[in-house]
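Dear colleague,

Please find below the structure that I am handing over to you. My findings follow it.

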Amino acid sequence: MTNRELKFFQAINEAIDQCMARDASVYIMGLGVPDPKGIFGTTLGLQQKYGSKRVMDMPLSENGMTGVAIGSALVGMRPVLTHQRMDFAILSLEEIVNQAAKWHYMFGGQMSVPMVIRMIIGRGWGQGSQHSQSLQAWFAHVPGLKVVMPATPYDAKGLLVASIEDNNPVIFIEHRWLYNITGHVPEETYRVPLGQANIIREGSDITIAATSHMTLEAMHAAAILAKENIRAEVIDIRTLNPLDDSLILESVRKTGHLVVADTGWKTVGFGGEIVARVAEKAFSYLKSPPRRLALPDCPTPTTPALAKHYYPRAVHIVATVRQMLGISADDAVPDEPADVPLDVPDMTFTGPF
Amino acid sequence: METMKPEILKRLYYQMLRIRMVEERIAELYPEQEMRCPVHLCIGQEAVAAGVCANLSRDDYALSNHRSHAHYLAKGGNLKAMIAELYGKVTGCSGGKGGSMHLVDISVGFLGATPIVGSTVAIAVGAALGTVMQDRHQVTAIFFGDATVEEGAFHESANFAALKKLPVIFVCENNLYSVQSPLSVRQPGNREIFEVAKGHGIASYQGDGNDVVQVYQIAKRAINRARKGGGPTFLEFKTYRWREHCGPNDDFNLGYRTESEVRDWQKRCPIKRLKESLLTDGILSNQDIEAMISDLKTEIEAAIVFAKESAFPDKRMLLEHIYAL
């Protein structure tokens, strides 16, 4: 049992299942939550187990239903609301930003809004401009919201349990390309505390801080760099707000070099926040200008011909690191072989999602 | 319509008078510039809050919008804490962090008021869902204005409340204006607001919002029905705001409405109307009313002294209450 492995989507499912079993006030809702696909498998079997009152499909009313979730939280429930795309949650920004984030503060701490809003992000397979956005920087900007982006099955379960048990609104962001990755997940209920980053690969030559799926790209990059005797330290940021910058600062003091790899856009993106903190608190340790790997500042194109130039991958991290360390003159990435599909998480994936 | 018990009529009169006197005193003191937050006074609209809340028990919930003083007071909210909140004091109902637009008194089920139009409708429906999920037999009333039915959040909430037959009372105070914009530029003239809710399959009624007895009786039926599991009801009450949208003054000088329109509505003052019938029917005497006014003055002045003498929140409070523990 100690080496039990689960896929990321199963870890999410198990976290919800265990929270619902432990606490009758936990309920989940979202369009398609009880449907045969079960939100990429993350909610499969839960309605059969807990009934249609606690595992609810819902009207396609993102904003209204976010308000409903808030109201229910105010009177003792713990809602978990799911959006199959983060883009859909934009319709609910009013309730999230004006109401959920501030209810505790604006009424002087008398009430709280314990709720989790799952938002799914992704890349590839022609998701296009309105099915692909990674807007974590928006949410992380708002005091009163917590923002979580797990990258491993272990963290997916532990962070989701901690999020459901948290007494604040938590934006829980899941990357579709992570759902099928496998990793160690203990069967018992455990928590990964919100607000703690994690060093997932130690190194002394350069610090790569990453969010969500970019953590996997960073690990691939670190493996490639290791063959060249470059020891990269990879930090999974895990929680964007509250942000734990201590591990990143400590790492940069050791390595002197920083790359931030985020799934969002570059301008006013989350990577900028990390670079700013390092500049403010560890400037004298820097041996090279910190770099951000992020999406170029344009909407997501649909055709794979353009999308392959849109998403930064391990090769881009490697090229950036080589340039920063003076190994290459520039960060140009050699053309990848045309027969390698870049719009799917792995070769078993045949769409449409 | 049932006959009204004298005790209830007296209570309704007292409630409206209290709200009116609190609002008028706020308007008098506002120019001192010590209440440093926007205030949206409800003078002229007291009957809706009084008539609806008289049918709610302490355990029932109510939520409101930016113009919430009447709803807070009628639901039983603490007057001292409300005035202190307007003065930004630590003794305020939100510790000074909310002001007039963020009133709350959990002890009497007033779950909160916020000024983004439509948002608290969804939150109220959620509170009702939460009570049903916990098998608690409470009713939730949500107060809002005529413009709220122009918001998507309203329709999303009404649809869901109807779908789940939730114990919610949608109370629309139709005062004909959203800020300075009249209903005629915002909604089609051949459709009454209460008919909108019917489209969502919600039982829906319209009444004179300046007739507190009518409000009371219509609300009573709706609340009893919700309490028995009969689902939501939408109530539209036509009424009128006498003062400016935000602040203590008259505003016919702005020209968006005429002085004669305001004067016409003032002739239909809900408090004066009830007073006349109570005097005629011998339920209250002029001396009774004078005594009420005197008691209320004492209570209101005590609340103002309390507020003025209370401390401001300490600097350390700035960064407290961002996250719940």
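Which residues are buried in α6(B)? They are B:A153, B:F154, B:E156, B:S157, B:A158, B:F160, B:A161 and B:A162, where buried means that 20 or more other C-beta atoms, placed from the backbone, lie within 10 Å of the residue's own.

This is a predicted model, in which local features need pLDDT of at least 70, side-chain atom pairs count only at pLDDT 80 or more, and totals for chains, interfaces and linings use all residues. Residues are numbered from 1 along each chain as its sequence is written, while chains are lettered from A and ligands numbered from 1 in the order in which they are written.

Helix α6 of chain B covers residues 152-163; helices are DSSP runs (H or I, at least four residues), numbered from the N terminus. Its 12 residues should span 16 Å at 1.5 Å a residue, and the end C-alpha atoms are 17 Å apart, which agrees. After α6(B) comes B:K165, with a positive phi near 50°.

The cover over the buried residues of α6(B) includes α3 (62-74) of chain A. In this pairing, A:N63, A:G64, A:M65, A:G67 and A:V68 meet B:G152, B:A153, B:E156, B:S157 and B:F160 (contact: C-beta atoms, placed from the backbone, within 7 Å). The axes of α3(A) and α6(B), lines fitted to C-alpha atoms over the stretch in contact, are 8 Å apart at an angle of about 65°. The two helices are therefore roughly perpendicular (65 to 115 degrees).

As a whole, the contact between the chains takes 34 residues from chain A and 36 residues from chain B. On the side of chain B that touches chain A, α5(B) gives the most, with 11 residues.

Yours sincerely

Note on methods. Expected span 1.5 Å × (residues − 1). Buried ≥ 20, exposed ≤ 12 C-beta atoms within 10 Å, placed from the backbone. Contact = placed C-beta atoms within 7 Å. Axes fitted to C-alpha atoms, helices over the stretch in contact; angles between N-to-C directions. Parallel < 35°, antiparallel > 145°, perpendicular 65-115°, else oblique.
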